[in-house]
Structure formats: structure tokens, C-alpha cells
Amino acid sequence: MISTVAVILGFASYAFVMLSIFRLFRVNYFNPIVKIFAIYLEPVSKSLFFFLPPLFAAIALALVLKFTTFYLAYSSSYETITLFYLSVIDVMNSGFRILFYCVIGSVVLSWVAPGNSHPLLQLIEEISAGILSPIRKFLPPMGGLDFTPIIGLLLLNLINTSFIQIIRSLL
């Protein structure tokens, strides 16, 4: 029973990480996928963390849900502060993983189905454009080739591992 609750809370944590990514990159809120997240999840995070801006409220709720998941699963094995640090690492890692796969998805979509009007594909393009547009300012396309996704993926991995190392040093 506890493992089922932990799995459900873990999925809810990922949903709030997605909501925070939507908020961070200011994606099109008329997209039906984003609208589902905004209608059902945003009121929950705003009501629980009414004193925080909506982006930070979504991140805070994702952390609370992930911490509760870890506490239910591992409270007998680890200290509470360790579980909190692990939940911070997991929420950050899942956010960077989503961003990483959005960049990879946009590269594949540019080969397979450029300009597709499907809401999920538009969402992937918007998120990856938010990641890659600052890099494109400094590195324009060279001879018809765009190297910004490679640099973007490398930077995402570098930032993710740096943050994880910093948090692990606190343990």
C-alpha cells in the first residue's frame, strides 16, 4: 500500500516539475496539453503555497511530493535531511532530464516532421527553443549546420552534474 502511494506521489511530483518548466519557459498556455496542467495542477500549487510566485510554488510542491515519496519509502534507512537533499537532487535531475529530451526531440522532429501542428510537438519545440535561443545568439548556423543542440545538451549536462555535485557535497 505504501509503495502504491509512493508511486502516485512520484508521478505527481513529475507533473509539478512539468508545470514549473511550462512556467519557466512561458510556453503557449492555449496549447491543450499545457491547459490541462494549468487547469488541474496550478490551483493546487497556488493554494498550498499562496505566498510564493506560481513558478516557485510548483517547484516547492514538487519537492514536497518527492520528499514525501522518499520518506514513505526510505524513512527507516536514512535521516530526514538526507531524504530532503535526495528529493532536491531528484527534482532537479528530472527537470534537466525533461529539458534534455525536449532538445533531442526537437532535433529529431526537425528531420522527421518539421512544422508539425500537433500540440505535443509544438510544446517540445517551444521548450527547446527556450533553451537553444540564447546559444544561437552566440553561435549562428555554420554552412547550413546547426551545432546549438549539441552545445545545449552539453551545457544542460554540465549544469545538472554541477548542481548535483554541489548538493552532494552538502551531505
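1. Start with how α4 and α5 cross: the crossing is right-handed. Helix α4 covers residues 54–74 and helix α5 covers residues 80–112, and the two pack at an angle of about 130° with their axes 9 Å apart. That angle is why α4 and α5 are described as oblique to each other. Keep in mind as you read on that this is a predicted model.

2. Who does the touching here? On the α4 side you'll find Ala62, Leu63, Lys66, Phe67, Phe70, Tyr71 and Tyr74. Across from them, α5 brings Thr80, Leu83, Phe84, Leu86, Ser87, Val88, Asp90 and Val91. Sorted by class, the contact of α4 with α5 has 11 nonpolar residues, along with 2 polar and 2 charged ones.

3. Stepping back for a moment, the protein has 7 helices and 0 strands. Along the sequence, the pattern is simply α-α-α-α-α-α-α. The C-alpha trace spans about 60 × 35 × 30 Å along its principal axes. Of the 171 residues in the protein, 37% are buried. If you look at contacts with a separation of 6 or more, 62% of them are between residues 24 or more positions apart.

4. The other helix pair to look at is α6 (residues 119–138) with α7 (residues 148–170). These pack at an angle of about 115°, and their axes are 9 Å apart. Helices α6 and α7 are therefore roughly perpendicular to each other, and their crossing is right-handed. From α6, the contact uses Ile131, Leu132, Ile135 and Arg136; from α7, it uses Thr148, Pro149, Ile151, Gly152, Leu155 and Leu156. In terms of class, the contact of α6 with α7 has 7 nonpolar, 2 polar and 1 charged residues.

5. As a reminder, an α-helix has 3.6 residues a turn, so residues three or four places apart point the same way.

6. Is Asn31 buried or exposed? Its relative accessibility is 3%, so Asn31 counts as buried. Setting aside neighbours within four places in sequence, Asn31 is in contact with Pro119, Gln122 and Leu123. Those partners fall within the residue range of α6, 119–138.

7. Last point: Leu72, which lies in helix α4. Leu72 counts as partly exposed because its relative accessibility is 34%. Which residues does Leu72 touch, leaving aside its neighbours within four places in sequence? They are Ile2, Val5 and Leu9. Take Val5 as the example: Leu72 and Val5 are 67 residues apart in sequence, yet 8.4 Å apart in space, C-alpha to C-alpha.

Note on methods. Residues are numbered from 1 along each chain as its sequence is written. This is a predicted model: local features need pLDDT of at least 70, side-chain atom pairs count only at pLDDT 80 or more; totals for chains, interfaces and linings use all residues. Side-chain values use heavy atoms; hydrogens and water are left out. Axes are lines fitted to C-alpha atoms, for helices over the stretch in contact, and angles run from 0 to 180 degrees between N-to-C directions. Helices (H or I, at least four residues) and strands (E, at least two) are DSSP runs, numbered from the N terminus. Angles under 35 degrees count as roughly parallel, over 145 as roughly antiparallel, 65 to 115 as roughly perpendicular and the rest as oblique. A crossing is left-handed if the near helix is turned anticlockwise from the far one by less than a right angle, and right-handed if clockwise. Contact means heavy atoms within 4.5 Å. Ala, Val, Leu, Ile, Met, Phe, Trp, Tyr, Cys and Pro count as nonpolar, Asp, Glu, Lys and Arg as charged, and the others, Gly among them, as polar. Buried means under 20% relative accessible area, exposed over 50%, partly exposed in between (1.4 Å probe, protein chains only).
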